[in-house]
Structure formats: C-alpha cells, structure tokens
Amino acid sequence: MKMATPLLSRRLLYHLSATSIKQKNLCPNISYFSTKSSSSTNTPQTHDHDISKYLTGVTNADVESNPVLAEYLAANIPGIFGKGGEKRNPIDDILDANPHLAAILAAEEDQLKVKKVKKTRHGLERVREMEQGVEGSSVSDTALHNKLNIRPLFGYTRDKVTEEGTRRCYTLRDRDLMIPGILYGSDPTDNIPTDMQPRVFVKTPWSEIQRELDLYTYHHFESRVYDLTVYENEDHDSGDEGTVYRVLPRDVQFHPVQHKLYCCNYLRYYPGRPIKIPIVYTNEEDSAALKRGGFIAPINRYVSCVVEDGVPIPEGIELDCTRIQLKDVLRMERIVFPEGVTLSKSVDRKTFLVGTVFGRRSDMDDEKTVEESKPAE
C-alpha cells in the first residue's frame, strides 16, 4: 500500500514522533533501513533505467553480476534500487513493516476528504441576479436599476476589534482578498441626520471592485452610483438578506509600488447630493483646429452636478467642440447638461474653465496657403 503524499507523510511522522511508550505499543516492529538479506535478493534484479546516472563507474551489468552490490544498494537506496527497480519511498517501507498504521492513515484521509465547501457570494453571480431579477429582486426593480444606471455591489461588515488596524487589514487583503473600508455620510431619505453620520466598517471582495475598475477605470469608478448590499455573514446559506445602501465610491487607494488595491470607502448617496461627472468631448470632427493636430489642455476634467430623483445618472457631461479655434478658452457655455441634471451650487458658472485649445499655427497657415493656391472655378 502506497501513501506517500506530503500530508500523509507529515501525519505519519507525527505518529512516529510520539513518546517512547506509545512508540513501543504502536510500532513494535518498526524498521527504517536494513541490511538483512531478504528472499527476493537471492533472485537477480533487473533495472529498466541506467544505473550509471546515479553511481559513477557502476553499470547495470555490474549490479546484476554482483549480488552483494545489488543487496547493498537495495538496502541503503531503496528509492532507486528497490525491488525490481521500482522507486520506493521510506514511508512505504514503514507501512510494510507496520501494517496497522495503514488503517490510521486511511481514517485520517477520509476525514480530510469530508470538507464543507464554503459557498460565498461571487460578484458575477450577484450581477446576473440583479440583471435577471432573481433572489427577491423583481423585474420592476431590475428595470428601475437599468433605467437609473445604478449597478450592484456587495460586501460584509467588518469587526471593529478583530478586523481593524494596520496588521489586521494586511491580513484581510493578502489572505482573505478583502478590501477594507468605511461607509459614512448622512442620508435624509433614511432619517440619518447630518450631525450624527454613523459609520459602518465594511470589507468588499477584491473581485467586486476590480470588476468595476476594469469596466470604468479608476477615475470613472468614483463617479458612479452603486447599490451596496452589506451582509453580516459570509456564508451564502446563512439566510442573511443584507442591508442595501446607495453609495458613491470614495478614496480608492493603491499601493505606491505594487499598485495593489488598498482601500475603498463609500459615501451615502441620495438624490440631490452633488456628484462629479466626467466631461466628454463631442463633435471634434467639426473643429478645424482639432482636426489639424490641435488638442485641449484640460483644467477641469469633471463637473459637479446634481441629479434629480428618477433621472438616470449620466455616464458623462458632453462638451460641444464645434468650430473651436486655437487658443480658445472653453467655458461653461459649451457644456450641454441633460434633462434633470443641473450644475451644483458650489460651482461658479462664470469662472469655471474646462480647458484651452493648443496646437501649431503652421498647420493652419499651410492649409490656408493650399486653399488660396487653388484656381478659382
């Protein structure tokens, strides 16, 4: 019987390293290596592999013609020169000498196989559930989320004592693949006053945040609204329905060298809270300056907006680039706000600058020269 797996080897050595009394009662006939001649050594042994690879100056013919040499090699190096050239492990020799140990190892092997598979909530499964309207989310809820451009996220509550601190957060990231964070902010719709702002210690699976970062990049990730479901228990079969918070990701931090995700906080969101939405350039083909190699040097890449209740969160605020020229300063009048989206009160419409158009004047002059050189029809 062969049981030479590393785990069984450690368990077998644990049994063999007991006290001398236990060893005497448990393994009375234990023997590791022996030079005693066995009945099988009287018969010539054949080896399928080349022995000269292991011993310099010794060939297969020398071992077959010299029984003493074959017996010596088989007794001291049984892994290579065992019975019939079969590779053996010292554990196999111990089991052969002590057959009652095989039952002990077989029982431990059965105990290791019986493991409870921990069912966890996977990010992609939760997204499919939200999109298909299963597990308590009706079709109307799903349509509402798609209409408002809100995506689902999930996380777990974090213990303030056992899962707080620098070292414990390192363990969460490296071993559990959980990103620590805090849920904070007021929410008048939930009767949470501004002066209290209760904080909830949360941890989000790394796969959840990384999926959104791959879809929307780091900068646009913080400009989106999510429905964060916070569970008390990580077990999928616990029956915990969780608490849903509408949030904005905040303070997403990365390691400065390894660029690993370190922290992700969440700010409670409600209709009327300002949200920074990225500015998207449109109609660039209608600008001669941009078509000839010009570019916009941005000063502000985002604009703070207020989205009314029931209005979908826009992916971006459009800036019309029609007929812009070199050295033009782009201001608020070129920004087109969708219906139901207004500028935040904290932004001054008169002083807000989007950017300036730069480029080479020679490109424009060359084009004018070519147009003037054309004969008039």
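Rings of Phe, Tyr and Trp (its six-membered ring) are said to pair if their centres lie within 6.5 Å, and planes under 30 degrees apart count as stacked, over 60 as edge-to-face and the rest as tilted. By this rule the structure holds seven aromatic pairs. The model is predicted, so local features need pLDDT of at least 70 and side-chain atom pairs count only at pLDDT 80 or more, while totals for chains, interfaces and linings use all residues. Residues are numbered from 1 along each chain as its sequence is written, and side-chain values use heavy atoms, with hydrogens and water left out.

Y170 belongs to helix α10 (residues 166–174) and Y262 to strand β6 (residues 261–268), so that the pair links distant parts of the chain, 92 residues apart; helices (H or I, at least four residues) and strands (E, at least two) are DSSP runs, numbered from the N terminus. Buried means under 20% relative accessible area, exposed over 50% and partly exposed in between, with a 1.4 Å probe and protein chains only. Y262, at 19%, therefore counts as buried, and Y170, at 38%, is partly exposed. F154, Y156 and Y231 form one aromatic cluster.

A charge sits over a ring if NZ of Lys or CZ of Arg is within 6 Å of the ring centre and within 35 degrees of the ring normal.

| Charged residue | Ring | Distance from ring centre |
|---|---|---|
| R173 | Y170 | 5.5 Å |
| R224 | Y216 | 3.9 Å |
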